[in-house]
Amino acid sequence: MKRERLDQLARQVTLDAGRREWIAVRIPFTGMVLGDIPLAQEADVDLSINRARAAQPGWAALPFASRAAVFLRFHDLLLQRQNEVLDLIQLETGKARRHAFEEILDTAVVSRYYARRSEKLLRPRRRKGALPVLTRTWEVHLPVGVVGFIVPWNFPLNLAMTDAIPALLAGNTGVLKPDLQTSFTALWAVALLREAGLPAGVFPVVTGEGPLLGPALGERVDYLMFTGSTRTGRLVARQAAERLIGCSLELGGKNPMIVLEDARLEDAVDGAIRGCFAGAGQVCVSIERIYVHQSLYEEFVARLATRACALRLNAALDYSADMGSLTSERQLATVEGHVADALAKGAKLVAGGRRRHDLGPLFYEPTILTGVCGGMKAYAEETFGPVVSVYPFAKESEAIEAANCSRYGLNASVWTRNALRGIRVARQIRAGSVNVNEAYAATWGSVDAPIGGMKESGLRPRHGAEGILKFTQTQTIAAQRLMPIGPARGMDASFHARWMTRLVKLLRHIRVLG
Ligand code: NAD
């Protein structure tokens, strides 16, 4: 995409409260400048929130079908124009095109799902009333108001859009704060939403420094939707608690895979390659620990190493690469730090372990370690790079215990020929999503079911009914008729107490009413 077009996007989509600085965004593949992004200030955040607040009543008052039509048009336009944004995603993140394409697919699926399902999910529901027949009760879902979306760089299209879609369909407006590194993708997506019919003011974008704009957003919005590290998530949660507003947090992970002795070995190796090295391991649900039954361990490690070494790494804006580059110097430093620390403390390098300057400044080889143990950074900390540790186990229960031995609980994967056994093992793993015979895509793609983190991996999942209801306030409306709940006018209180006792005893025996 041409520099002028990027500049136009930045000027068109962001709001300007006054003079401000611009900062260059660099292409991870080459280190060259992609374009300049405005560094918004707190005044820009205020302006954006004011616009979103002013637009909210009108947007919420539209018939549901009009809101849904915007997202169905967005779905179609996204699929038509995918090459434009695939280039942008690759240029901003350094990921291979096949991994960038996952963002297109998921964003389209989520748009369609919520455009079709939200009306039903949001519909007022009849509930059992306080007194049968005499009290008619409804549960109603109202928009919370203006939602602040803070998103990271690793899925710049998907994470900027797929939480916003249900939130906006529920009648909220929002303000989006993308990561600086990947702001152009977010701006492109919001421009496309406008082209699909989203009224101006419903979803402004502020680009700039997270530590400045994130708290400024949290100061005034009615709900915070945060995706990022557990460390920043805690700050966001603290601010939300202080202001007594809701928040949803999608955080980090140290995701395990278990390969049971009855697994199909080659399928499990395939799954591990996808799970560990998609997006160069910079996927929140990436696999970073693999527990393999001792009967398969040697063979598994050998095959995984062969496959990892054969992966094609390049910076091409086409589908020829199996893996791209890391996104930032910071990420590369973490990856190198974890590998160096593990090797210094006695771990063994089975594959990879090197920067690939010959391919670009931030390329790093798919890396496999064995002999990783407690005290090494790679053992328990999230690496967020193309590095996986493989461990043998003897008994199923040992593997489950090891998988659960983490402060995180985001994603897990179990491999077995016996699906029922896989599900039984899955139910013992403390993770918000567990895939049987897949690494992460089966749960992630099942958008009708909620997906999120347990333990320090998050709070309040996305997708499914929960993924839209969290952006609403629940209101209960109950209409009383014929007689009040307390003693009727002139009724003796002791008579009322006896009458109510009889009624309550009766209800104990009538299942349909109780
Ligand atoms: P990060 O926490 O550093 O940044 C995330 C976002 O928060 C960015 O937009 C950043 O600008 C903003 N931010 C920075 N300081 C802030 C502050 N003080 N207040 C509010 N916002 C602030 O995370 P990252 O390193 O960019 O992203 C990688 C992390 O995100 C990994 O831990 C990964 O597992 C996690 N992640 C989780 C999911 C999920 O769905 N669970 C998805 C993607 C990434």
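**Ground rules.** I number residues from 1 along each chain as its sequence is written, and side-chain values use heavy atoms, with hydrogens and water left out. As the model is predicted, local features need pLDDT of at least 70 and side-chain atom pairs count only at pLDDT 80 or more, while totals for chains, interfaces and linings use all residues.

**Domains.** I looked up the division of the protein chain, with bounds from an automatic or database domain assignment. Domain 1 covers 3-251 + 465-472, domain 2 covers 255-448 and domain 3 covers 487-514. Taken over C-alpha atoms, the centres of domain 2 and domain 3 are 61 Å apart.

I read helices (H or I, at least four residues) and strands (E, at least two) as DSSP runs, numbered from the N terminus. Two strands pair if DSSP finds at least two bridges between them. I found an open sheet of 5 strands with mixed pairing, in the order 6-5-7-8-18. Strand 6 (173-177) and strand 18 (458-459) are at the edges with a single partner strand each, so one side of each has no neighbour in the sheet. I noted E250, whose bridge partner in strand 18 is G458.

I took contact as heavy atoms within 4.5 Å. Axes are lines fitted to C-alpha atoms, for helices over the stretch in contact, with angles from 0 to 180 degrees between N-to-C directions. Helix 2 (residues 42-61) lies across strand 5 (146-150) and strand 6, at about 150° to strand 6. Helix 9 (residues 210-220) packs on the sheet and touches strand 5, strand 6 and strand 7 (223-227); its direction makes about 165° with that of strand 6.

I then traced an open, antiparallel sheet of 3 strands in the order 3-4-19. Strand 3 (125-127) and strand 19 (472-480) stand at its edges, each with a single partner strand, so one side of each lacks a neighbour in the sheet. I found 3 bridges between strand 3 and strand 4 (residues 135-143), and R125 has E139 as its bridge partner in strand 4.

**Ligand.** I listed 28 residues around the ligand (a heavy atom within 4 Å); the closest are V151, S229, T232, R330 and E382. For polar contacts I used pairs of N or O atoms within 3.5 Å. A backbone N or O atom of V151 is 2.7 Å from a ligand oxygen atom, and a polar side-chain atom of K177 is 3.1 Å from a ligand oxygen atom.

How values were computed:
Polar contact = N/O pair within 3.5 Å; in protein donor to acceptor, adjacent residues only side chain to side chain.
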